[in-house]
Amino acid sequence: MELRSIFNAKISLTKAMERMNKWYEKEMELGNSNFRSVIRTFKKHAPTILNYFRRRSTNASAESFNSKVKIFRSQMRVVRDRNFFIFRLVKLYA
């Protein structure tokens, strides 16, 4: 919940980094091994994750569309006519 509150707060990138570092320290003190892997992942991808605070946008819509394309492709199984596949894709998800 604390992590979510950081992302819900309308704060600057620098302030977000400070709050994230405090959250890392607090969670490490608790000794929960599950959060250690989360913290490692956050630290490894920190620049990308913290970009959220620049414009408050994510790539969730693109990821959702990619998922829909993947499901649609699996339902079509063998696609012989690529142009028709793209046509159907546009008609269904545009």
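Which residues do ring pairs link into a cluster? In this predicted model, the cluster consists of W23, Y24, F35 and F42, joined through ring pairs.

The chain is helical throughout its assigned secondary structure, with 7 helices and 0 strands. Its order along the sequence reads α-α-α-α-α-α-α. The radius of gyration is 20 Å, whereas the globule rule gives 12 Å for 94 residues. The chain is therefore more spread out than a compact globule. Along the principal axes, the C-alpha atoms occupy a box of roughly 55 × 30 × 20 Å. Buried positions make up 20% of the 94 residues. Among contacts with a separation of 6 or more, 40% join residues 24 or more positions apart.

The largest nonpolar core contains 14 residues. Within this core, L3, I6, M20 and F53 have the most contacts. Helices α1, α2, α3 and α4 each give two or more residues to the core. Helix α4 covers residues 46-50. The largest share comes from α2, which supplies 4 residues. M20 illustrates how the core is joined. Beyond its neighbours up to four places away in sequence, M20 touches L3, I6, F7, F42 and L50. Two of these partners, L3 and I6, are themselves listed with M20 among the core residues with the most contacts. Another partner of M20, F42, also belongs to the aromatic cluster.

Aromatic pairing is the next feature. The structure holds 7 aromatic pairs. One of them joins W23 and F35, with ring centres 5.9 Å apart. The planes of the two rings meet at 85 degrees, so the pair is edge-to-face. W23 lies in helix α2 and F35 in helix α3, which spans residues 33-44. The pair therefore ties together parts that are 12 residues apart in sequence. W23 is buried, at a relative accessible area of 5%. F35 is partly exposed, at 31% relative accessibility.

Charged side chains were examined next. A search of the whole structure returns 1 salt bridge. The bridge is formed by E2 and K26, whose closest N and O atoms are 2.6 Å apart. E2 sits in helix α1, residues 2-8, and K26 in helix α2, residues 13-30. The bridge therefore ties together parts that lie 24 residues apart in sequence. E2 is partly exposed, with 39% relative accessibility. K26 is also partly exposed, with a relative accessible area of 39%.

E27 presents another case. This residue lies in helix α2. E27 is buried but has no salt bridge. What is the nearest side chain of opposite charge to E27, and how far away is it? That side chain is K26, at 5.8 Å. K26 is instead bridged to E2. Leaving aside neighbours within four places in sequence, E27 is in contact with N32, F35 and I39. Among these contacts, F35 is also the ring partner of W23.

R36 is a further charged residue, placed in helix α3. R36 is partly exposed, at 35% relative accessibility. Not counting residues up to four places away in sequence, R36 touches M28 and G31. From C-alpha to C-alpha, R36 and Y24 are 8.7 Å apart in space. In sequence, the two are 12 residues apart. Y24 is in turn one of the residues of the aromatic cluster.

Note on methods:
Residues are numbered from 1 along each chain as its sequence is written. This is a predicted model: local features need pLDDT of at least 70, side-chain atom pairs count only at pLDDT 80 or more; totals for chains, interfaces and linings use all residues. Side-chain values use heavy atoms; hydrogens and water are left out. A salt bridge is a side-chain nitrogen of Lys or Arg within 4 Å of a carboxyl oxygen of Asp or Glu. Buried means under 20% relative accessible area, exposed over 50%, partly exposed in between (1.4 Å probe, protein chains only). Lys and Arg count as positive and Asp and Glu as negative; His and the chain ends are not counted. Contact means heavy atoms within 4.5 Å. Rings of Phe, Tyr and Trp (its six-membered ring) pair if their centres lie within 6.5 Å; planes under 30 degrees apart count as stacked, over 60 as edge-to-face and the rest as tilted. A nonpolar core is a set of buried Ala, Val, Leu, Ile, Met, Phe, Trp, Tyr and Cys residues joined through side-chain atoms within 4.5 Å. The radius of gyration is taken over C-alpha atoms; the globule rule is 2.2 Å times the number of residues to the power 0.38.
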